[in-house]
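Morning, everyone. Please have the viewer open.

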Amino acid sequence: MRILDWNTLDRQARRAALARPQIQVRAEVTRVAAELVDQVRRDGDAALKTLTQRFDAADIKCLAVDRNEFAEARRALTDEQIAALERAIANVQRFHELQLPKSRIVDIETGVRCEELIRPIASVGLYVPGGTAPLPSTVIMLAVPARIAGCPQRVLCTPPRRDDTVHPAVLAAAQLCGIDSVFKVGGAQAIAALAYGTESIPRVDKIFGPGNSWVTAAKALVANDPEGAACDLPAGPSEVLVVADETAQAELVAADLLAQAEHDPLAQAILVIDSHALAKRVAREIRAQRQALSRGQILTQSLSACRAIVVPDLDTGLQVANEFAPEHLVLQVKEPRRYLAHVQNAGAVFLGPWSAEPLGDYCSGTNHVLPTDGHARNFSGLSVRDFVKTLTVQEVSPAGLFALGPTAVTLAKLEGLDAHAQAVTRRLVALKAQARTSAVGRGATTCPGAV
């Protein structure tokens, strides 16, 4: 782990210290993703099977997971494993239920009523990466909020293993979350299938889930196509930034950094610390702990970008963290809640030595689908709110139109939009005519100013 002194770095060096590594040229990734998307749009299921053979070395006979595969997956797990999945689902359910928006009605002025109605997105596609590890936790993070939102159609895609099966934990988690439409396809080709539909996979309105560079590029492509599908948020290779002071335990700091570094060769693990001596102890702990870990090849690549940034004080440390805008921010400092008010840019925050980041990954209740690559500056983590949409309703009475209509006419004329003004004035004229007619019928001699 490289150790850098923030105070000795100039502006360019500081920018380099917080830069994320890019193995693939973005333009090339986008080009390849576009080719894969076009191939799936053109050839449908045939393209999916060809590309699955090419990228996953799996010879897929049927893209859809059948009932027998679900049953076999359930039998393959122990009671302890099923119980762990069920507990995680229950915790995620409990937290996310609080996020469901409610419809509301507001009387803005006399005779002017506005409403906001909540509707679930009709059809959603849930993408669960495969890669080097099965991710039943991602199934939970996507499927639970979709179920709470009440989305009628929920379709899940995930890459198969080489034997044409899906990992049993992924299928068991899907079934426990009420997902029965699972397809064995991954990568950019899965995003294309969900966005445009194939003979087997239905087209959806919005796609959710993290993925590699090609998946992220494909999501951007289909989201920008009027015939494609909306997408949730930029969620790529995992990253963590730990802010630590002299009270932090080097063993626990190193464990947090390694937990994210093992995800992916592009994963980011950064330490921001106010003690040079503690930074050295953390570096030694990383070397010692990694020896017993199984994902050595991935760690070799991801830890090549691991660095510790020594800052003069924690206020500077939080400024560095906000500039980096990490997916996961861990505050291993004395009185961590005191510093929470300084956190502006982060996907998820973990306070204190006992709030291990993997708890958030699996079972504490919050969502682990979070913005990466600095997008925490302008995106939130996934929530139930992403699975619903709001409809606004306006209802204006005659009295309301008489009172508010002239304001709309004035503003329309200010913008030079004659037809806008006319749409209101014609109604005002019609109402006044109705009022005169009504007054004559009652024998009145004057027209009331409002109805």
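Start at Glu69, which counts as buried at 16% relative accessibility. Buried here means under 20% relative accessible area, exposed means over 50%, and partly exposed lies in between, with a 1.4 Å probe and protein chains only. This is a predicted model: local features need pLDDT of at least 70, side-chain atom pairs count only at pLDDT 80 or more, and totals for chains, interfaces and linings use all residues. Residues are numbered from 1 along each chain as its sequence is written, and side-chain values use heavy atoms, with hydrogens and water left out.

What does Glu69 meet in a salt bridge? The side chain of Lys184, at 3.0 Å, N to O. The rule for a salt bridge is a side-chain nitrogen of Lys or Arg within 4 Å of a carboxyl oxygen of Asp or Glu. Helices (H or I, at least four residues) and strands (E, at least two) are DSSP runs, numbered from the N terminus.

Lys184 is buried too, at 3%. Lys184 also has a salt bridge with Asp164, at 3.4 Å, N to O. Asp164 lies in the loop between β5 (153-158) and α7 (168-176), 20 residues from Lys184. Is Asp164 buried or exposed? Buried, as is Lys184.

Now a contrast in setting. Asp59 and Lys61 form a salt bridge at 3.0 Å, N to O. Asp59 is partly exposed at 46%, and Lys61 is exposed at 60%. There is also a salt-bridge network, linking Arg20, Glu239 and Asp373. The count by this rule is 14 salt bridges.

Next, cysteines. Cys62 is partly exposed, at 46%. For Cys177, the closest cysteine sulfur is in Cys151, also 13 Å away and too far for a bond. Cys177 is buried, at 0%.

Last stop, Pro202. Pro202 is in the loop between α8 (187-196) and β7 (206-208). Pro202 is partly exposed, at 25%. From Pro202 to Ser397 is 195 residues in sequence and 44 Å in space, C-alpha to C-alpha.

That's the tour. Over to you.

Terms used: A disulfide is a pair of cysteine sulfur atoms within 2.5 Å.
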